[in-house]
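Dear colleague,

Please find below the structure that I am handing over to you.

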Amino acid sequence: MYKSVCEYLNLLLHINLKIRRNMKTYDVIIIGSGPAGIITGVTAKKRNPDKSILLLGESQKGLVPCGIPYVFHRLDSVEKDKMGPKPFMDAGGDFQADKAVDIDPEKKIVTLDSGQAYEYGKLVFATGSTPVVPKFIKGYDMEGVEYIKKNYDYIEGLVEKAKKAKNIVVIGGGFIGAEVAEQLQLNGSHNVSLVEMEKYCFCNAFSTELADMATEELKKTGVNVMTSTKVTEITGENGKVSAVKVDSGKEIQADMVIAAIGYRPNTELAKKSGLQLNKIGAIIADQYGRTSVNDICAAGDCAGTTGFLTGKEDTIMLASTATAEARVCGYNLFGICLKRHFSGTLGVFSTEINGMVMAAAGVNAKTAWEANVNYASAVFSDVDRHPGAFSDCSPLSVRLYVSLSDGSIIGGEVWGGKSAGEIINTISMSIQKNVTVYELVEFQFGTHPLLTTAPTKYVLVKAAEAVINKIR
């Protein structure tokens, strides 16, 4: 008996060794082919052309996440929002459309849904995020309740379903919910209602004043915006949606309900693999993306972030943030080659509603108060061309938030024409480099009548001067 058991164990060991010998090994395997996965792969491959890198994605086709709302009207096509692994493959990487279902961190093996398995030297989680399902709302599981999933086939199907729906209710007034509602309304084929619990839409990213402006612009598109309102039940017949009930007792007719109440980190496989998660379920990673398990990194929505000012866990899920983390991760997979100079994550948000661009970075009056930060703020408004007689001029306003202790810029908001989208990036850079308003007024900016505000009253400089006057 003992002999037969030994023979059996030896046989298993022999089979396992044979499998391992025939198993392909990659220097790096990246799970997830969204922005974080692609940029990690491209960066790592260009930095280490001799390393073999495999990118795993559940589909050959992906989506530009922030472009999803516009497939309902402005792009008028899911195909036009397509994003795939081509840049990574062009850099010399391998791509496989398959799902990772199991990881053995000790043996460094990834097993796929197809049954195929690979060995790895380094592993990167870039598994992104998934929509929050409102299980606390009765009727959430009815036919006709949909989500904004970052999945090509799902969104393609959702667009076709939306074409058949006359009355659509969007739950949630954040960026995705508001942008989807606007685009559906502008499509001209729907009656769109948006329900938001807070007093204003965009309230988590913008100051009260800017959130109020954004909400009013959304109303001007024709969307029936219902703020300070809570959905209590989704009702229907034969399991299919027909109406949404709110806390006032009102019923809103609905052929389709789109729940856009946020996203959660997609970390079930990470948890199963023994990686440490924070209290919101994101993978705990250091400033270089390294996790609690040796040779496993994480980047993007699935990885935890820390607020640049508060030092506390944050929930920023932006493609811009994800790609910044991915570049750092890609550079440093095989040793620290790129030192990270900015500790924490900075939220930089922008949107356009009804032709008005609104953008924010860093803290605002609400978040500064919550963080117990003493600050001064000031706003300057003008037009985005000079002279203001140009036909394509748009109003443009800049508000800066500045620390009283040293005059450093800690936040900003910009609204008006399209240039606001890039001005907020200048403010973001100023925050990250600890630029003070005293330095900002000395900076040399390029101007042109067709492109910028006037050099005599450049909006950033004038906003900085206004803050300095308040500090004095």
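**Salt bridges, helix packing and surface**

Glu 79 has a relative accessibility of 38% and therefore counts as partly exposed. Please note that the model is a predicted one.

The side chain of Glu 79 meets that of Lys 82 in a salt bridge, at 2.9 Å from N to O. Lys 82, with 41% relative accessibility, is likewise partly exposed. Both belong to a network of salt bridges that also takes in Lys 61. Across the whole structure, a search finds 22 salt bridges.

Another of these pairs joins Glu 160 to Lys 163, whose closest N and O atoms are 3.2 Å apart. The two residues stand 3 residues apart in helix H4 (residues 152-163), so about one helical turn separates them. Glu 160 is partly exposed at 40%, whereas Lys 163 is exposed at 56%.

The salt bridge between Arg 385 and Asp 384 (3.5 Å, N to O) involves buried residues: relative accessibility is 16% for Arg 385 and 3% for Asp 384.

Turning to the helices, H2 (residues 35-47) packs against H8 (residues 319-331) at an angle of about 30°, and their axes are 8 Å apart. The two helices are therefore roughly parallel, and H2 passes H8 in a right-handed crossing. Thr 345, in the loop between H8 and strand E22 (348-353), is buried at 8% relative accessibility.

Finally, Phe 390, Leu 450 and Leu 451 make a nonpolar surface patch of about 280 Å². Phe 390 is located in the loop between strands E24 (375-383) and E25 (395-403).

With kind regards

Notes
Residues are numbered from 1 along each chain as its sequence is written. This is a predicted model: local features need pLDDT of at least 70, side-chain atom pairs count only at pLDDT 80 or more; totals for chains, interfaces and linings use all residues. Side-chain values use heavy atoms; hydrogens and water are left out. Patches are made of residues with over 30% relative accessible area and no salt bridge: like charges are joined within 9 Å, nonpolar side chains (Val, Leu, Ile, Met, Phe, Trp, Tyr) within 5 Å. Accessible areas come from the Shrake-Rupley method with a 1.4 Å probe; for residues, only the protein chains shown count as cover. A salt bridge is a side-chain nitrogen of Lys or Arg within 4 Å of a carboxyl oxygen of Asp or Glu. Helices (H or I, at least four residues) and strands (E, at least two) are DSSP runs, numbered from the N terminus. Axes are lines fitted to C-alpha atoms, for helices over the stretch in contact, and angles run from 0 to 180 degrees between N-to-C directions. Angles under 35 degrees count as roughly parallel, over 145 as roughly antiparallel, 65 to 115 as roughly perpendicular and the rest as oblique. A crossing is left-handed if the near helix is turned anticlockwise from the far one by less than a right angle, and right-handed if clockwise. Buried means under 20% relative accessible area, exposed over 50%, partly exposed in between (1.4 Å probe, protein chains only).
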